[in-house]
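I kept a notebook while going through this structure. The entries follow in the order in which I looked things up.

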Amino acid sequence: MAAKKVLVVYAHQSAGSFNAAAKDAAVEVLGAQGCTVDVSDLYALKFKATATAEDIVGEVKNQDHFRYAEETKLAWEEGKLSEDIVEEQRKLTQADLVIFQFPMYWFSVPGIMKGWIDRVLTSGYAFTQEKRYSQGIFKDKKAMLSFTTGSNESMFSANGINGDMNVTLWPLQNGILHYCGFQVLAPQIFWAPSHVKAEARGTMLGGWRTRLQGLLLEAPLSFTPSDSFDGAKGFQLKPEVQEKHEGQEFGLTVGTHQGKRLPPNSQIRAGV
């Protein structure tokens, strides 16, 4: 396997955290395989989380009605994005695989990581109206979420109080990663490490280290191809696609379920 470039986007305040240990494991194991691993430690970088006009060097196009997506697209085209965004885009452009390592906050990513997503994945650079989802700009790159939860796995089940983790992950994995074209690898979920004994945490990290050995060869999760939707009719599923799946027990995805039962584990395991 040819050497690959990996970017770990990491968000935790403490070097003594479980997330830090998971990040360190990725750096060590992937590095031992010949990968070049770059880490964006967002807290250490004091990465700015807010998307503002400060992200553009010089004058903005419309000061009276500032629209971030439009202004940063123009700034990207003209080489006028702020230095911190340019640096993160440089790392991302070079990466074959991106791992987002974080503790789950309020069923999503920490604010500082959401800021990285908002500011780095600018219009034009990371997506366009024509290049998104299965036709996305980053379709030759892989990406994945690796995160800790504060709740046990049973609480994130279909019958659990938190609801189905597959539903929770859909906005992140489909609405951000797949939207930009990434091949999305199954997430690495560390269930409630703060509520288990040290031995159990060691087992979790051991499982992650084992997975990292073959991570670059893993098949990605499945998403419905863009050409299954009719752009002339509001990007609705084409009739022939609906007919093809009419007799199936489950819908296509958590997000596009055709009024059927939600497909189990489609956002957690590849090949389902």
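I looked up V9 and found it opposite F100 in β3. The model is predicted, so I note its limits: local features need pLDDT of at least 70, side-chain atom pairs count only at pLDDT 80 or more, and totals for chains, interfaces and linings use all residues. Residues are numbered from 1 along each chain as its sequence is written, and side-chain values use heavy atoms, with hydrogens and water left out. Strands (E, at least two residues) and helices (H or I, at least four) are DSSP runs, numbered from the N terminus.

Entry 2, β1 and its neighbours. β1 and β3 run parallel and are joined by five bridges. I then checked β2 (residues 36-41), which pairs with β1 in the parallel sense over six bridges. Two strands pair if DSSP finds at least two bridges between them. V6 has V37 in β2 as its bridge partner. Between β1 and β2 the chain passes through helix α1 (residues 18-32), and this β-α-β crossover is right-handed. That word means that, with the strands pointing away from the viewer, the path from the first strand over the helix to the second runs clockwise.

I asked how many of the six residues of β1 are buried. The count is five, so I wrote β1 down as mostly covered. Buried means under 20% relative accessible area, exposed over 50%, and partly exposed in between (1.4 Å probe, protein chains only).

A nonpolar core is a set of buried Ala, Val, Leu, Ile, Met, Phe, Trp, Tyr and Cys residues joined through side-chain atoms within 4.5 Å. The largest one has 43 residues, and L92, V98, F100, W116, L121 and M165 have the most contacts inside it. The elements giving two or more residues to this core include β1 (5-10), β3 (97-103) and α6 (165-178). α6 gives the most, with six residues. Apart from this core lies another of 22 residues, among them F18, C35, L185 and F190.

I listed what V98 touches (heavy atoms within 4.5 Å). Leaving out residues up to four places away in sequence, the list is L7, V9, L92, K142, A143, M144 and F182.

Is A44 buried or exposed? A44 counts as exposed because its relative accessibility is 54%. A44 sits in helix α2 (residues 42-45). From A44 to A11 I noted 33 residues in sequence and 9.0 Å in space, C-alpha to C-alpha.
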